Amino acid sequence: MEVVRQPPSPRPPAARRHNLFEAAAVYVAACAENDHDRSLEAARWVSPEALSFGVNELACRAVIALARERDQSPQAVARSLMGLPTA
């Protein structure tokens, strides 16, 4: 009698790991949409330090993109977004 070997069953996927930029993007978007539960979920994906770094990076990229779009300096755009008078 011949024994037929079956390939091993695939493992269930491990819990998905999120990187700090994904966490920052979801966190900021959730805050902008006033989605407290989603922002809390994203904040649990990475350490507080990593989330802070990611949010800072996202803010810098957003200000640069808006500055280019508006043909203004990043400082002028940042002050405008925060409702501050021009310097």
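## Salt bridges

In this predicted model, Glu41 and Arg38 sit three residues apart in helix α2, which means that about one helical turn separates them. The two residues form a salt bridge, and their closest N and O atoms are 3.2 Å apart. Both partners are partly exposed: Glu41 has a relative accessibility of 29%, and Arg38 has a relative accessible area of 33%.

The whole structure holds two salt bridges. Glu57 is partly exposed at 24% relative accessibility, whereas Arg61 is exposed at 51%. The cut-off for exposed is over 50%, so the value of 51% places Arg61 in that class.

## Overall make-up

The protein chain contains four helices and zero strands. Read from the N terminus, the order of its elements is α-α-α-α. The chain has 87 residues, of which 16% are buried.

The protein chain exposes about 7,300 Å², and 56% of this area comes from carbon and sulfur atoms. Among contacts between residues at least 6 apart in sequence, 38% join residues at least 24 apart.

## The two sides of helix α2

Helix α2 spans residues 36-45, and its buried residues are Ser39, Ala42 and Trp45. These residues lie on the same side of α2, because they cover an arc of only 105° around the axis. The buried residues of α2 pack against α1, which runs over residues 20-32.

Which exposed residues does α2 carry on the face turned away from its buried side? They are His36, Asp37 and Arg44.

In soluble globular proteins, nonpolar side chains tend to be buried together. Here, the largest nonpolar core has eight residues: Ala23, Ala24, Val26, Ala42, Trp45, Val46, Ala50 and Leu51. Helices α1, α2 and α3 are the elements that each give two or more residues to this core. The largest share, three residues, comes from α1.

Two of the core residues, Ala42 and Trp45, are also among the buried residues of α2. Val26, another member of the core, is in contact with Arg38, Ala42 and Trp45 when its neighbours within four places in sequence are left aside. Among these contacts of Val26 is Arg38, the residue that forms a salt bridge with Glu41.

## The aromatic pair

The structure holds one aromatic pair. Phe21 and Phe53 form this pair, which is tilted, with 6.3 Å from centre to centre and 55° between the planes. Phe21 lies in helix α1 and Phe53 in helix α3, so the pair ties together parts that are 32 residues apart in sequence.

Key. Residues are numbered from 1 along each chain as its sequence is written. This is a predicted model: local features need pLDDT of at least 70, side-chain atom pairs count only at pLDDT 80 or more; totals for chains, interfaces and linings use all residues. Side-chain values use heavy atoms; hydrogens and water are left out. Buried means under 20% relative accessible area, exposed over 50%, partly exposed in between (1.4 Å probe, protein chains only). Contact means heavy atoms within 4.5 Å. Accessible areas come from the Shrake-Rupley method with a 1.4 Å probe; for residues, only the protein chains shown count as cover. The arc is that of the directions from the helix axis to the C-beta atoms. A salt bridge is a side-chain nitrogen of Lys or Arg within 4 Å of a carboxyl oxygen of Asp or Glu. A nonpolar core is a set of buried Ala, Val, Leu, Ile, Met, Phe, Trp, Tyr and Cys residues joined through side-chain atoms within 4.5 Å. Rings of Phe, Tyr and Trp (its six-membered ring) pair if their centres lie within 6.5 Å; planes under 30 degrees apart count as stacked, over 60 as edge-to-face and the rest as tilted.
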